[in-house]
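Morning, everyone. Have the sequence and the model open, please.

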Amino acid sequence: MASAESRSQRVGFVGAGRMAEAIAQGLIRAGKVEAKQVLASAPTDRNLCHFRALGCQTTHSNQEVLQNCSLVIFATKPHILPAVLAEVAPIVTLEHILVSVAAGVSLSTIEKLLPAGTSVFRISPNLPCVVQEGAMVLARGCHVRSEEASLLQNLLEACGQCEEVPEAYVDIHTGLSGSGVAFVCTFAEALAEGAIKMGMPSGLAHRIAAQTLLGTAKMLQQEGRHPAQLRTDVLTPAGTTIYGLHVLEQGGLRAATMSAVEAATQRAKELSRK
Ligand SMILES: NC(=O)c1ccc[n+]([C@@H]2O[C@H](COP(=O)([O-])OP(=O)(O)OC[C@H]3O[C@@H](n4cnc5c(N)ncnc54)[C@H](OP(=O)(O)O)[C@@H]3O)[C@@H](O)[C@H]2O)c1
């Protein structure tokens, strides 16, 4: 087993899929942790090879990750998590900070599977963590100390925005932002396809659609304005935008988007009860 000092400098991942890789890449790119200080485990090499390509250490033993890292991020699919926690529980100590990204698995479920007093967090990340533009929330368990929450938040801010919230907001975040990436991609695709229909080449249309989303998002963030204000700025009386917006309203875009976030949130809640 590694010394306490070397354990505290390392970040472990149990589960090495898309989300683990996105967070690891964000941390490494931002210089918060060196690649060689990251240790990831998974049953096969299918995804571990991506970690090795980043310069990280890998293993097939989940327990080895706990033995070598104090901060461990659990990024398996939700239905696998209870068995994985039961497997590592015998070697969990009060020195560990354990973080779950599994959608729908509650803090109390996780705490019950681990020794009493273990520091546990839930985080809800989204895929843009990979380009350090993630939108994340974290919720703390009962035994977390303030300095542990600050340490984790500071680390995760390397992957984008990270705010601490009550656990009740985590499922809503999954609907808004975890699934929201797919909703926004659908809109970006449709935007580009409208232009393709009007005769623009596909590559150009997709590049312009993506940049339109990026630029609009930056204005919303940097100017701190409500989307309705920005939208009003683009509206010229009898101009192009109001003609287009009328069609979007007829298609029910707003109601459909609200219902999509509601449906994804309800599904996250439903999964958490299973
Ligand atoms: N993707 C998203 O946008 C998103 C957003 C928010 C939250 N999440 C959460 O993130 C978690 C991971 O999602 P993902 O999309 O990254 O899944 P994924 O790509 O399928 O990765 C799952 C990983 O878990 C590993 N695994 C399976 N059984 C294991 C075991 N017994 N011990 C250790 N590792 C094991 C898999 O191993 P192999 O590599 O050998 O297959 C794989 O590396 C989920 O709980 C999900 O709810 C995802």
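Ground rules first. This is a predicted model, so to speak: local features need pLDDT of at least 70, side-chain atom pairs count only at pLDDT 80 or more, and totals for chains, interfaces and linings use all residues. Residues are numbered from 1 along each chain as its sequence is written, and side-chain values use heavy atoms, with hydrogens and water left out.

Now the sheet. Eight strands form an open sheet. The order is β3-β2-β1-β4-β5-β6-β7-β8, with mixed pairing. Strands here are DSSP runs of E, at least two residues; helices are runs of H or I, at least four; both are numbered from the N terminus. Two strands pair if DSSP finds at least two bridges between them. Which strands stand at the edges? β3 (57-59) and β8 (160-164) do. Each has a single partner strand, so one side of each is left without a neighbour in the sheet. The twist averages 25° from one strand to the next. Axes are lines fitted to C-alpha atoms, for helices over the stretch in contact, and angles run from 0 to 180 degrees between N-to-C directions.

Look at β5 (residues 97-100) and β6 (residues 119-124). They run parallel, joined by four bridges. I97 stands opposite S119 in β6.

Helix α2 (residues 18-29) lies across β1 (11-14), β2 (38-41), β4 (71-74) and β6. Its angle to β1 is about 165°.

On to the domains. The chain is divided into domain 1 (4-170) and domain 2 (180-273); such bounds come from an automatic or database domain assignment. Their C-alpha centres lie 32 Å apart. Five residues from domain 1 and five residues from domain 2 make the contact, meaning heavy atoms within 4.5 Å.

How much area is buried between domain 1 and domain 2? About 340 Å², with carbon and sulfur atoms giving 55%. That is accessible area (1.4 Å probe) lost on putting the two parts together, summed over both. Across this interface the rule finds zero salt bridges, that is, a side-chain nitrogen of Lys or Arg within 4 Å of a carboxyl oxygen of Asp or Glu.

Last, V261. It is found in helix α13 (residues 253-273). Leaving aside neighbours within four places in sequence, V261 is in contact with G175, L176 and F183.
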